[in-house]
Every structure is written in C-alpha cells, then in structure tokens.
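Subject: A structure for you to explore

Hello,

Here is the structure I promised to pass on to you. Please open it beside this email, and then read on for what turned up in it.

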Amino acid sequence: MATSSSTTNNNGEKQIEHDQNVLQKHVAFFDRNHDGIVYPWETFQGFRAIGCGIILSSFAAIFINFGLSQKTRPGKFPSIFLPVEIKNITKAKHGSDSGVYDNEGRFVPSIFEEIFSKHARKHPSALTSDELMGLLKANREPKDYKGWLASYSEWKILHVLCKDKDGLLHKETIRGVYDGSLFERMEKEHSEKKKNK
C-alpha cells in the first residue's frame, strides 16, 4: 500500500507527498492544513468550502470524525479531538460499500463500471434517485447497520449536492468523488459564486 509522508514547503507548511492511494486523496481534501490529520473543524471547513450549509457541515464533521477517528488510530488512546489519520484511512473502510476502493485504498475501475452496468437503467452514464437506492440495497451486507447508514449518508449527500436539474447523478461526478477531484472542483465553483455576488 502506498503510504503518505509529509514534507515542509518554503512557507513552513506541511505538504502531503503524492504517493497517496486514491482513498487517501479522497480524504485529503478535508485536511485543510495539510498535516496528514483531519480534525472535525477541518471536516466542517471542507464541507463549507464545497457549498454546504452550517447544519449539514456540522453534522458531517461530527458523524464522519466520530465514525472514523479511532479506526484510523489503532493502538492509540481515543482522543476527544476526533482526529482522522489519513495514512490509516483504509482501516476505516466500512461494510456495505460499493467496493470501488479495494482494501488498500486503490480505485477498481471494473467495479466502478459495474455500478452503471447493473444500476443505470434510464441513462447509461447517470443514476436516478431510485437507481441509487437500488445500488445501496444491492450492496447491503446482512446486519451491517453501521455500513448501511454510512453508505446511505454518503450517497444521499452526494446526490443532493451534485444531481443535475433532472435529478441525475452523472458518472464523471461519481468518479470525481472517488479520486477526490470533485471536492476541489466544487470548492472552486463555490468560491467563484461567492466572488460574483
């Protein structure tokens, strides 16, 4: 597995090396100070940066960091600050997920394509809300209630934030979530909208 190490740039800020796996890159957007650790306030800031409201951003910060912190800090005493260590994010993979990330945090293109070949009925490169629910039901593992909740939350938030005017969640948008590029694009778009107000 690729690991994440940090170096210091000319401004004295820590930068994450480019040897991260795709799952680490997905999470790294929320590491606002680039130190390899995501605290709840950084999760909050990340959600606000992509245009989410205060309530959703607050809920996400608590829900995500509470759910992932201890899993990414094996052998360490629980912290009231709920840090998520990016280098160990693969340890926090939940059940009942799509399987697009393998156990080492790598993107699996064939499983990504299966999302659409199995569930996209109306449009081959997009999912409707009902098709999304079908995907979630198909991925459920028996009695994995935490995994069900985590998957439902992730996908529903994505659908609410990124569906088009026809209610479709497009393939390239979903791919952008997996590789982390969607968050950066959303932040840029939100920032430009704020400037134009």
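**Salt bridges**

Asp102 and Arg106 form a salt bridge, with their closest N and O atoms 2.7 Å apart. The term stands for a side-chain nitrogen of Lys or Arg within 4 Å of a carboxyl oxygen of Asp or Glu. Before going further, please note that this is a predicted model, in which local features need pLDDT of at least 70 and side-chain atom pairs count only at pLDDT 80 or more, while totals for chains, interfaces and linings use all residues. Residues are numbered from 1 along each chain as its sequence is written, and side-chain values use heavy atoms, with hydrogens and water left out.

Back to our pair: is Asp102 buried or exposed? Asp102 counts as buried, at 19% relative accessibility, and Arg106 counts as partly exposed, at 44%. The cut-offs are under 20% relative accessible area for buried, over 50% for exposed, and in between for partly exposed (1.4 Å probe, protein chains only).

How many salt bridges does a search of the whole structure find? It finds 11 salt bridges. Another one joins the side chains of Glu113 and Lys171 (2.6 Å, N to O). Glu113 is in helix H4 (residues 109–119) and Lys171 in helix H7 (residues 171–179), so this pair ties together parts that are 58 residues apart in sequence. Helices (H or I, at least four residues) and strands (E, at least two) are DSSP runs, numbered from the N terminus. Glu113 is partly exposed, at 33% relative accessibility, whereas Lys171 is buried, with a relative accessible area of 16%.

Helix H7 also holds both Arg175 and Glu172, 3 residues apart, about one turn of the helix. Their side chains meet in a salt bridge (3.5 Å, N to O), and Arg175 is partly exposed at 25% relative accessibility.

**Aromatic rings**

The structure holds 13 aromatic pairs. Rings of Phe, Tyr and Trp (its six-membered ring) pair if their centres lie within 6.5 Å; planes under 30 degrees apart count as stacked, over 60 as edge-to-face and the rest as tilted.

Phe107 and Phe112 make a tilted pair, 5.5 Å centre to centre with 50° between the planes. Which of these two is buried? Phe112 is buried, at 0% relative accessibility, while Phe107 is partly exposed, with a relative accessible area of 22%. Both rings belong to one aromatic cluster, together with Tyr101, Phe116 and Tyr178.

Charges meet rings as well. The charged end of Arg140 sits over the ring of Trp148, 4.8 Å from its centre (NZ of Lys or CZ of Arg must be within 6 Å of the ring centre and within 35 degrees of the ring normal). Arg32 lies over the face of Phe29, at 4.8 Å from the ring centre.

**Two domains**

The protein chain is divided into domain 1 (18–92) and domain 2 (95–185), with bounds that come from an automatic or database domain assignment. Their C-alpha centres lie 20 Å apart. In all, 13 residues of domain 1 are in contact with 16 residues of domain 2, where contact means heavy atoms within 4.5 Å.

The area buried between the domains is about 1,200 Å², and carbon and sulfur atoms give 79% of that. Buried area is the accessible area (1.4 Å probe) that two parts lose on being put together, summed over both. Val22, His26 and Phe63 supply 39% of what domain 1 buries against domain 2, more than any other three residues. How many salt bridges are there between domain 1 and domain 2? The count is 0.

Enjoy looking around!
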